[in-house]
Amino acid sequence: FIQMLLRAKKRDILQLLSKAPEETVPFFVEAAVAAQSAASLAALSDYLDFGKAPTSLLETFLYAAAFSPRPSKELLALVLDKLQGKQLAPEVWETGIVVIGSLVGKLCQQELCGSPEASRGAETLLRGLGSSEEEPEVLAYLVSLRNAALPEAIPTLLRHAEEGPAAVAAAAVAALRSLPAPHISNEVKRAMRRIFHETRKSYEKTCRLAAAGILLDSEPLPMDVINILLATRELEAEMATLLQMKVQNSLHAEHHPARKIVKDIMRDPRINNYNYFSKAGMSSAFTGPLAVTPDLLSTFGMELLFVDGGFLRKSVSDFSLFSHGHRLHVAEVTLEAQGMESMLGENTLEGQEEPELMAGMSAAFFNVHLRPVVFFKGYTDLMAKVLLSSGEPTSVVRGNLLLMDHYQVIPLQSGLQVVVKLQGGLGLDISANMDVSIWEQDLKTSITTRASLAIDFQAELDAPFFQTTVRSQSEVETSIHFDTALRFSVSPVLMCLQLREDQVPYR
């Protein structure tokens, strides 16, 4: 379909979009974005009215743009023009801002950071963050800058990380964590030390843990590792347990930048002893290989942070690929719940403000962080969701993405030439559900990821006297379910985690 659109004229594509059945329009929009021809982008510009089109179709267009493997300057210009000066639904505006960051980041990877379109996109994000006062707007810009990974945003991110409210500070630290290691300067590390050790003010525990993560993961200094381990004696049991598990985990992960330093530190019995590593918390961190070849390492990681009452505060599951010093974040899913302790009658620690009751989810795929999903916010919203719940899962992202589109002409010594074409497409459907029962006193969450990958390879040798073609098509489908169940009617809280994978057909 993409090959057909590359040859089509604007009026033909526009006619196709206008007359297509409603259920096939999203697929045609995704294909038009993937084609990225002048005609397809012009047709999309005329067809998509951001003031009137359905929200679901606009989000389909925006996410197709975000996941484009090599977006063009014209695609970014189209997104910027469509978002400028219009009254949009909040979710469309937030998605659009997040997508601008992804497009700017990918253009910079293609060494097009200096282009007028990329400069305009970066300026839109930095100026928007500076002028925003509402927390949801600030968070959208911070997620976008996390996608863009712009070094010039570091001063702004540091200010929000150190001075912002809890949710803003955590999002700013997460954005700093996405920067390449060379940009984690001494200035950034000094700010992360102030946040983790709370030298200026107190910070929420997830923000402190994220700051410690930057110090441990970005060319760590031995003194930082030692100070973090020393600090665990003063931390509450769950935070201390998670940090200790992360440090110990780095010993077993050959790709971890802190492995050698931690190995040297652990030889010192003054640090590696029962006094430091005997915290009895339930929190956990794990990273292990899924597949290993001479050129590729595939890993699965899991972090679980509990509160002292036994409630799950945050869970992060991560799938990554490492190859020749490069990392591809295939998928990361984060579930967060805060303020649940107050429902159980537990008191907040002295000097800390009581966190607002909230549960939500955020996800990243192929280094693109999506707009976070909020299941409920506040007690009134929770009760409304409990009483009016339809039981239907919330869709996080759904669509078809072009992952690779490669065309190459290879001259042979004989004077002939081979034309190589490689295309890869991914169908993705990710949904999440959270079910809270006040009466049964239990909490269930489920994340379902369904994906199908198709790769089409063709090599063609065309000479005056003969023609030969080699063609390979492969398809794989997978479905992964991650379920959690908590029962807090008893003490200690009972918890079950389940990761299920359906059979994987490969053709």
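**Figure 1. Contacts and overall form of the chain.** In this predicted model, residues 24 or more positions apart account for 60% of the contacts with a separation of 6 or more. The chain holds 18 helices and 12 strands. Its C-alpha trace spans about 80 × 55 × 45 Å along the principal axes. The radius of gyration is 25 Å; a compact globule of 507 residues would have one near 23 Å, so the chain agrees with that form.

**Figure 2. Surface and interior of the chain.** Of the 507 residues, 47% are buried. The accessible surface comes to about 25800 Å². Carbon and sulfur atoms contribute 52% of that surface.

**Figure 3. A nonpolar patch on the surface, formed by Phe1, Met4 and Phe27.** Together, Phe1, Met4 and Phe27 have about 270 Å² of accessible area. Met4 sits in helix H1, which covers residues 2-7. Met4 counts as partly exposed because its relative accessibility is 41%, between the 20% and 50% cut-offs.

**Figure 4. The disulfide between Cys108 and Cys113.** The structure holds one disulfide. The S to S distance between Cys108 and Cys113 is 1.8 Å. The link of Cys108 and Cys113 is right-handed, with 70° about the S-S bond. Cys113 is partly exposed, at 37% relative accessibility.

**Figure 5. Two further cysteines, Cys207 and Cys496.** Cys207 has a relative accessible area of 1%, so Cys207 is buried. The cut-off for buried is under 20%. Cys496 has a relative accessible area of 44% and is therefore partly exposed.

Note on methods:
Residues are numbered from 1 along each chain as its sequence is written. This is a predicted model: local features need pLDDT of at least 70, side-chain atom pairs count only at pLDDT 80 or more; totals for chains, interfaces and linings use all residues. Side-chain values use heavy atoms; hydrogens and water are left out. Patches are made of residues with over 30% relative accessible area and no salt bridge: like charges are joined within 9 Å, nonpolar side chains (Val, Leu, Ile, Met, Phe, Trp, Tyr) within 5 Å. Accessible areas come from the Shrake-Rupley method with a 1.4 Å probe; for residues, only the protein chains shown count as cover. A salt bridge is a side-chain nitrogen of Lys or Arg within 4 Å of a carboxyl oxygen of Asp or Glu. Helices (H or I, at least four residues) and strands (E, at least two) are DSSP runs, numbered from the N terminus. Buried means under 20% relative accessible area, exposed over 50%, partly exposed in between (1.4 Å probe, protein chains only). A disulfide is a pair of cysteine sulfur atoms within 2.5 Å. The radius of gyration is taken over C-alpha atoms; the globule rule is 2.2 Å times the number of residues to the power 0.38. Contact means heavy atoms within 4.5 Å.
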